Amino acid sequence: MNRSTYGPNKTLRAMNFICNAPQAKSVRLVGDFNEWNPAAHPMKHMPDGAWLITVELKHGHHRYAFLVDGTLTLDPHAQGITRNDQGERVSLVPVS
Amino acid sequence: MKNAAARATRPAAGAKKTRERRAGKIHPVVIYPFRQPVDDSDLAPLYELIARLDTEKSQYARPITVMDRKTHYANETQKRFQEFRKGTVARHSDILDAWCVDTCQMWYSGLGMAFDKGSPDDVYWLIPGDFNYGTAVGRDVLGRLHDLPEICMELDQDVCIGEIETDHNNSKQLIDTYGTFALLYNWFPAEARELRQYTERPRSEFFAIRHGFLGEVLRQRWFAYEQTVVMLLQAVSSSRRISRFFVGNVSDLPEGSDSLASAMQQVERTERVLKTIWRERHQPNPGWTEEYRVLEAQSEQVRRTALIVLENLLG
């Protein structure tokens, strides 16, 4: 990710989330930005087996995870790790 | 499993509270390199960042630079050093001149000084000065470091560790894999498992820490070295909120720090610190010496094995 400034950028930015789970029946993106609602961001199964969704996010740091067939799953390519309000490990994405 | 996941992902009451940015300030604390680099190519971009932070007074406190007096005296006749100190370092930060036995004492002094000026919503951001910030990847890292204190602020974290990427044969990687974690698993197995869920770099010099937690670790006995490990052990033991953030693949400036002797010393220091912490925590328990002797014997084996591995790979 290119990050050219040290200060905040107020605009929304389109972010791609990719989950490599070719055998899964459903993958959903959950995070602070959708109040961890499993119905909010279903991901699309791509021809290569990966799951993809593009979400516009505000500047800042967002906690998220994938729900792979209902199981909370970390993004192995995430830039960071933290915990959600339930104490589960989740991924971290910066948006600038 | 589905029910568990659905239950787990439901936002808790008051979850929004943690997303609100607090009104605190970020205190940048730069640890000036012990040895003055041969040119300013790595320090100049670092202090360009510090200069920028110094102008954003609503978000950042006045930066602090900790400079060992030995560094000062070793370079006091060097015009280039004096000019850089006066024209750049002192211009954009308050210099804390201190006699320090090692880098950890520089941290202690610098973070302590910032803490004294801080308030409960503040976050303290440690920035080691002895990295190759002048390279392309170094500049990229400089562009990411601000994420560490911002994560503490925005996500209400007690500590955020910055993780650097190195190849498998890098001395830091080898020391952590065969030394630090092996020793941690011996002395503090539960904490080690927890820590490894966050980071492969428990000795990272890049981190940000919240006021309350910094106050807690400052007031405890300050161990002579491997402070990040001590701080993370404390964070895990007291169920603090920990985050990890990848900052890039920056590397130390060459100071012989990747030598075998240095690697051995770092493993030995880690063992000494872990033994001391273990004793302090367990000495109130009756019969602790018996358990200690068992762990110490195992620890010696772990350390010897680590030193053999390091000798084979670095020697």
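Two residues are taken to be in contact if their C-beta atoms, placed from the backbone, lie within 7 Å. The structure described here is a predicted model.

By this criterion, and leaving aside neighbours within four places in sequence, A:Phe66 is in contact with A:Cys19, A:Val27, A:Leu29, A:Thr73 and A:Asp75. A:Phe66 belongs to strand S5 of chain A, which covers residues 60-68. A residue is classed as buried if 20 or more other C-beta atoms lie within 10 Å of its own. A:Phe66 has 26 such neighbours inside 10 Å and therefore counts as buried. Between A:Phe66 and A:Ala78, which are 12 residues apart along the chain, the C-alpha separation is 11 Å.

Chain A as a whole contains 8 strands and 0 helices. Its elements, read from the N terminus, follow the order β-β-β-β-β-β-β-β. Of the 96 residues in chain A, 39% are buried. Among contacts in chain A with a separation of 6 or more, 58% are made by residues 24 or more positions apart.

The loop between strand S2 (27-31) and strand S3 (44-45) of chain A includes A:Glu35. A:Trp36 lies in the loop between S2 and S3 as well. Most residues other than glycine have a negative phi. A:Glu35, however, is a residue other than glycine with a positive phi, near 55°. A:Trp36 is not a glycine either, and its phi is also positive, at about 60°. A:Glu35 has 13 other C-beta atoms within 10 Å and so is partly exposed, whereas A:Trp36 has 25 and so is buried.

In chain B, helix H13 comprises 23 residues, numbered 260-282. At 1.5 Å a residue, a helix of this length should span 33 Å, and the end C-alpha atoms of H13(B) are 33 Å apart, so the two values agree. Buried positions in H13(B) are B:Ala263, B:Gln266, B:Val267, B:Thr270, B:Glu271, B:Val273, B:Leu274, B:Ile277 and B:Trp278. An α-helix has 3.6 residues a turn, so residues three or four places apart point the same way.

The axes of H12(B) and H13(B) come within 10 Å and cross at roughly 35°. The crossing of H12(B) past H13(B) is right-handed. On the H12(B) side, the residues involved are B:Val229, B:Val230 and B:Leu233, which meet B:Thr270, B:Val273 and B:Ile277 of H13(B). The residues of this contact comprise 5 nonpolar, 1 polar and no charged.

The largest nonpolar core has 100 residues, and those with the most contacts inside it are B:Val29, B:Tyr124 and B:Leu126. H9(B) supplies the largest share of this core, 8 residues. When residues up to four places away in sequence are not counted, B:Val29 touches B:Ile64, B:Val66, B:Gly110, B:Leu111, B:Ala114, B:Tyr124, B:Trp125, B:Leu126 and B:Ile127.

Methods. Residues are numbered from 1 along each chain as its sequence is written. Chains are lettered from A and ligands numbered from 1 in the order in which they are written. This is a predicted model: local features need pLDDT of at least 70, side-chain atom pairs count only at pLDDT 80 or more; totals for chains, interfaces and linings use all residues. Helices (H or I, at least four residues) and strands (E, at least two) are DSSP runs, numbered from the N terminus. The expected span of a helix is 1.5 Å times one less than its number of residues. A residue is buried if 20 or more other C-beta atoms lie within 10 Å of its own, exposed if 12 or fewer, and partly exposed in between; C-beta atoms are placed from the backbone. A nonpolar core is a set of buried Ala, Val, Leu, Ile, Met, Phe, Trp, Tyr and Cys residues joined through C-beta atoms within 7 Å. Axes are lines fitted to C-alpha atoms, for helices over the stretch in contact, and angles run from 0 to 180 degrees between N-to-C directions. A crossing is left-handed if the near helix is turned anticlockwise from the far one by less than a right angle, and right-handed if clockwise. Ala, Val, Leu, Ile, Met, Phe, Trp, Tyr, Cys and Pro count as nonpolar, Asp, Glu, Lys and Arg as charged, and the others, Gly among them, as polar.
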